[in-house]
Amino acid sequence: MKKLSITLSVFVMILTTACNSKEKADLVIINGKVLTIDEANPEAEAVAIKGEIIIATGTTKKISGMIEKGVTKVIDARGRLVIPGFNDAHVHFGPLDPDYIELRYTTDPSVITEKVKQQIARSRPGELIRGGHWEHEMFIDKKWPTRELIDMVSPDNPVILSRADGHSALVNSYVLEKSGITGDTPDPFGGEIWKDPATGEPTGILKETAQRLIRTGAVNVRRTPEEEAERVWQGYLMALKEARELGVTSIQIPGNADFEMYERLYNEGLLTSRIDIGKSLTEDTALLAEYSELMKKYPKSGNWIRFGYLKAFIDGTIGSGTALMFEPFADNPESTGLAMMPYDKLESMVITADRFGFQIGVHSIGDKGNNWTLNAYEKAQQVNGKRDSRHRDEHTQTLQLSDIPRFAKLGVIPSMQPTHCITDKRFYEKRVGIERCKGAYAWRSLIDEGSILAFGTDYQVEPLNPMEGLYAAVTRKDRLGEEGDGWFPEQKLTMEEAIKYYTLGSAYAQFMEDRKGMIKKGYLADIVITDRDLPVVPETEIMKTKVDYTIVGGNVVYDSGK
């Protein structure tokens, strides 16, 4: 009987092996250049997917054996690059507004006047006009705009035009009057009302918390609740369409967003990017308890709609001159930036939320702002004990060199957006001086000290297109191109590294590196096929690269037809 038992066991083993070897896939990609981001198996030719999981990688010959005629969908990559789907670790994602005035890359301020005029011609008197993404450092004269730029075409409408970073806004006289903002209005804590030095009157630029003073007096647009709801719904569909066409398969939203809307999209089969949604950082224990219940509903063990991290702001931006610095700005010696709250308040909030077990992310731009954030995280470890919290430093733009090793030591994630580097480098040296620039966008230095970066875009501050981020990470050059090795080239990354931190690094930041961010057996089948071989194309070709296929959870959600 013992001999028979052994024989049966061997037979079962052989049968099981045979069955496994004949496992068929729902979708296969063949003849590709697969950059897996898996150090143990960095390259392959083909991928097999069943359901929403990758079941094998390997040669085209091997994977072709998993094709079931008439059942398995086959994508012939024809030598194209195959990589994990892009995971945007910091993106202000939501419904798009078809009436929003897009001012990105504007160089002539008169274009702003004309675009506002055109939108007002399509609007009713009193209707709110919104737009933004302007950057005064891109203007021909590099001067901050004033309300006179738009007053001439907007006497009867409130106009709010946000700067690219969202930390400053240009408003017209209509808004200033409705808001009661005059030359006598004092600056609020953490904000500035810019005033003409000659007249003392507001220029129309409101920085940071001064934007909270805005009262538009806008008339209501005549839409029924049903029309408004449909407008918002279509806005979500527009945003998701943009994301999938750019290969963005995962989205991490800092702060608040509508869980129920994304749940509806998921239930209707229309959610084509995985979503993490956080909340605002607080030390209100009752509110933290509510967050805990919400996290149970959208747990980290989930794969589609998950509770993210708690977000706070400690300072502003370099562009607006409101980042919190240890020393005054080189071009404004009277200012060291603006703290959004006292340090003691930040520390108390971080310690309390950490005690509840939440992941925390703090918007930190200036060297002092980043230092405060690291100090608060370190204090939380001392008070609550060290755990795998993966607290995040959102942006990590300007660092004291002595703070760089602290990230890895404390286990803090530098959540960075490479395009900020090539946008801001035009004025960084002017604003903070050469010496402090050595700690700006210090990707290589952080990696060398053991940090794991998470890459994203900060959309809509910057474009959602990951190709611009990859270009920035490997060149540190202007988008229009320039001679030389780039801005502080010692901080550049290789293309393989840039892709890694845009995929696996971002997955690590959200505790998903065990199932997302690599093309590997057992991982979620979120995959992108591009029309150019990113690791080898000239740098001038990187931003021209397009996505031909986007696959999320084993489903082809975008096909360029090429």
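This is a predicted model: local features need pLDDT of at least 70, side-chain atom pairs count only at pLDDT 80 or more; totals for chains, interfaces and linings use all residues.
**Exercise 1.** Classify the aromatic pair formed by Phe86 and Tyr502, and find where its two residues lie.

*Solution.* Let's start with the whole structure, where a search finds 18 aromatic pairs. In the pair of Phe86 and Tyr502, the centres are 5.3 Å apart and the planes make an angle of 75 degrees. Planes over 60 degrees apart count as edge-to-face, so that is the label for Phe86 and Tyr502. Next, place the residues: Phe86 belongs to strand E8 (residues 86-88) and Tyr502 to helix H15 (residues 495-509). The pair thus links distant parts of the chain, 416 residues apart. Finally, Phe86 and Tyr502 are both buried.

**Exercise 2.** Work out the geometry of the pair Tyr266 and Trp304, and say whether each residue is buried or partly exposed.

*Solution.* The centres of Tyr266 and Trp304 are 5.7 Å apart, with 45 degrees between the planes, which makes the pair tilted. Tyr266 sits in helix H7 (residues 259-267), whereas Trp304 is in the loop between helix H8 (285-297) and strand E17 (305-313), so the pair ties together parts 38 residues apart in sequence. For Trp304 the value is 16%, and under 20% means buried.

**Exercise 3.** Find which residues ring pairs link into a cluster with Phe86, and which charged groups sit over rings.

*Solution.* Ring pairs join Phe86 with Trp443, Phe455, Tyr501 and Tyr502 in a cluster. Over the face of Trp443 lies Arg476, 4.7 Å from the ring centre. Turning to Tyr508, the charged end of Arg390 sits over its ring, at 3.8 Å from the centre.

Note on methods:
Residues are numbered from 1 along each chain as its sequence is written. Side-chain values use heavy atoms; hydrogens and water are left out. Rings of Phe, Tyr and Trp (its six-membered ring) pair if their centres lie within 6.5 Å; planes under 30 degrees apart count as stacked, over 60 as edge-to-face and the rest as tilted. Helices (H or I, at least four residues) and strands (E, at least two) are DSSP runs, numbered from the N terminus. Buried means under 20% relative accessible area, exposed over 50%, partly exposed in between (1.4 Å probe, protein chains only). A charge sits over a ring if NZ of Lys or CZ of Arg is within 6 Å of the ring centre and within 35 degrees of the ring normal.
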